[in-house]
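User: I would like to go through this model with you and ask, for each label, what value stands behind it.

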Amino acid sequence: MNNKKNVMVFVESRAGKIAEVSLELLGAARKLAGELGGAVEAVAIGYNLSDELAQLGHYGCQRVYYTDDKRLAFFSSVPYAKTVVSAIKAHKPGIVLFGATTMGRDVAPRVASALKCGLTADCTDLKIGEHQIKEKTYKNTLLQIRPAFGGNIVATIVSPESVPSMATVREGVMKMIDPDPKAKVEIINEACTVADEDFLTEVLEVITEEKAVNLKAAQIIVSAGMGASDPEAIELARTLAAALCGELGCSRPVVDSGILAKEHQVGQTGVTVRPNLYIACGISGQIQHRAGMSEAKRIIAINKDPNAPIFAIAHYGIVGDVKDVLSKMIKAYKKA
Ligand SMILES: Cc1cc2nc3c(=O)[nH]c(=O)nc-3n(C[C@H](O)[C@H](O)[C@H](O)COP(=O)(O)OP(=O)(O)OC[C@H]3O[C@@H](n4cnc5c(N)ncnc54)[C@H](O)[C@@H]3O)c2cc1C
């Protein structure tokens with residue numbers, strides 16, 4: 001069997017629950033493995049996770065290499081990285097994907113460094129394609145696509161001479177496939193080879209805080225840009241969001257100006273969202289903002305400038321003053 005065609009996903013879990021980003025990555029892995037004619041694999045690390053891992057099959061994973069050890073119940077950089085390195089060395093996949101999360105961003109560079117292979121951070125798309133360097137053509141190589149130079153260009157990065165090709169992908173960027181509850185995953189238990197000395201830290205207590213804003217899960221987002229950033233406009237956007245049972249989002253300068261907290265920010269350096277409805281209020285629609293919301297099913301843009309770039313991707317555009325339009329929308333929705 002040619003393992004190089006296989007695509008492996010690093011599966012994250014916290015408090016015994018698999019992270020959504022890992023399920024999203026399985027969708028991407030399935031597409032890539034499908035093109036290569038390989039299998040979708042995963043590497044999972046933790047303690048007493050076997051029941052939870054069964055759902056990986058529903059999201060397209062064929063087999064998961066699982067290292068179960070009480071010492072691995074909580075994330076620890078060195079032991080986790082060493083375990084992933086062992087799995088890659090043993091099973092030799094051609095591609096490995098990580099979430100661009102705190103955990104993924106910690107583990108992936110350590111793994112890349114140990115294996116001396118390429119790693120592209122924060123990819124927004126992944127494709128299989130051909131790449132030519134001078135006379136040599138690399139076929140079936142991973143094209144790692146991401147914005148570069150402040151989002152002014154979209155770069156395609158390849159690392160065809162080192163195996164595996166590795167990439168991190170931010171939460172919400174890849175679309176999770178519709179789960180198939182009948183699909184099964186083979187769980188292959190791997191021995192833990194990590195020494196006690198590799199555990200450099202000890203977790204004494206875990207304090208969890210509920211997210212006040214959950215943009216990723218919201219079906220409706222009303223988002224305020226600099227054109228809707230005075231207190232009255234923000235309040236109107238917040239009221240409309242509440243009337244629609246949605247969440248309040250915003251553009252980056254609204255966060256940078258201290259008007260809303262970072263957890264509201266949509267975009268390249270904020271949250272990537274795919275709601276059913278995104279209402280962009282006084283947002284110009286620069287590429288870095290669009291990177292986080294262009295996959296919304298319906299986009300309504302409100303802007304006083306008829307030439308604002310946001311109108312190019314909006315399904316419905318309203319040219320007008322944001323406060324006037326929001327007041328009318330609130331009235332209409334409340335009445336309905
Ligand atoms: C590396 C990098 C990462 C970035 N990441 C992000 C990111 O994650 N998210 C993000 O959003 N940005 C990000 N940016 C910033 C991005 O480039 C833009 O500067 C930003 O999105 C602009 O925000 P805005 O549309 O709210 O403001 P502006 O560009 O100032 O636009 C304001 C809009 O409001 C309209 N307007 C003004 N008054 C009214 C009114 N009364 N009624 C109606 N419309 C009105 C104007 O016509 C204008 O179109 C990033 C930039 C860089 C370099």
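User: Why is Glu190 called partly exposed?

Analyst: This is a predicted model, and the label rests on a count of C-beta atoms. Glu190 has 19 other C-beta atoms within 10 Å, whereas a residue is buried at 20 or more and exposed at 12 or fewer; the count lies in between, and therefore Glu190 is partly exposed. Glu190 belongs to strand β12, residues 186–190, and, not counting residues up to four places away in sequence, Glu190 touches Tyr65, Tyr66, Thr67 and Ala87.

User: Why is His91 called partly exposed?

Analyst: For His91 the count is 17 other C-beta atoms within 10 Å, which falls between the limits of 12 for exposed and 20 for buried, so His91 is partly exposed. His91 sits in helix α3, residues 77–91, and its contacts, leaving aside neighbours within four places in sequence, are with Asn3, Glu41 and Tyr65.

User: What makes Ala15 exposed, and where is it placed?

Analyst: Ala15 has 8 C-beta neighbours inside 10 Å, and since a residue with 12 or fewer counts as exposed, Ala15 is given that label. Ala15 lies in the loop between β2 (13–14) and β3, and although Ala15 is not a glycine, its phi is positive, at about 50 degrees.

User: Why does Asn48 count as exposed?

Analyst: The count for Asn48 is 10 other C-beta atoms within 10 Å, and because the limit for exposed is 12 or fewer, Asn48 is exposed. Asn48 is found in the loop between β4 and α2 (50–53), and its phi, near 55 degrees, is a positive value in a residue other than glycine.

User: How do you know that the span of α1 is close to the expected one?

Analyst: Helix α1, residues 20–36, has 17 residues, and the distance from its first C-alpha to its last is 25 Å. Just after α1, Gly37 takes a positive phi of about 80 degrees.

User: Which elements do the buried residues of α1 pack against?

Analyst: The buried residues of α1 include Val21, Leu25, Ala29 and Leu32, and the elements against which the buried residues pack are β1 (7–11), β3 (17–18), β4 (40–46), β6 (95–99), β8 (125–133) and β11 (165–169).

User: How many residues does each domain give to the contact between domain 1 and domain 2?

Analyst: The domain assignment of the chain gives domain 1 (3–198) and domain 2 (220–335). The contact takes seven residues from domain 1 and eight residues from domain 2, and the side of domain 1 that touches domain 2 has two nonpolar, three polar and two charged residues. The centres of the two domains, taken over C-alpha atoms, are separated by 33 Å.

User: Which residues come nearest to the ligand, and how does the shell divide by class?

Analyst: Of the 27 residues around the ligand, Gly225, Gly227, Ser251, Arg252 and Gly267 come nearest. The elements that give two or more residues to this shell are α6 (252–256), α7 (287–290) and β16 (298–303). By class, the shell divides into six nonpolar, 17 polar and four charged residues, with Gly counted among the polar ones.

Definitions and conventions:
Residues are numbered from 1 along each chain as its sequence is written. This is a predicted model: local features need pLDDT of at least 70, side-chain atom pairs count only at pLDDT 80 or more; totals for chains, interfaces and linings use all residues. Helices (H or I, at least four residues) and strands (E, at least two) are DSSP runs, numbered from the N terminus. The expected span of a helix is 1.5 Å times one less than its number of residues. Two residues are in contact if their C-beta atoms, placed from the backbone, lie within 7 Å. Domain bounds come from an automatic or database domain assignment. A residue is near a molecule or strand if its C-beta atom, placed from the backbone, lies within 6 Å of it.
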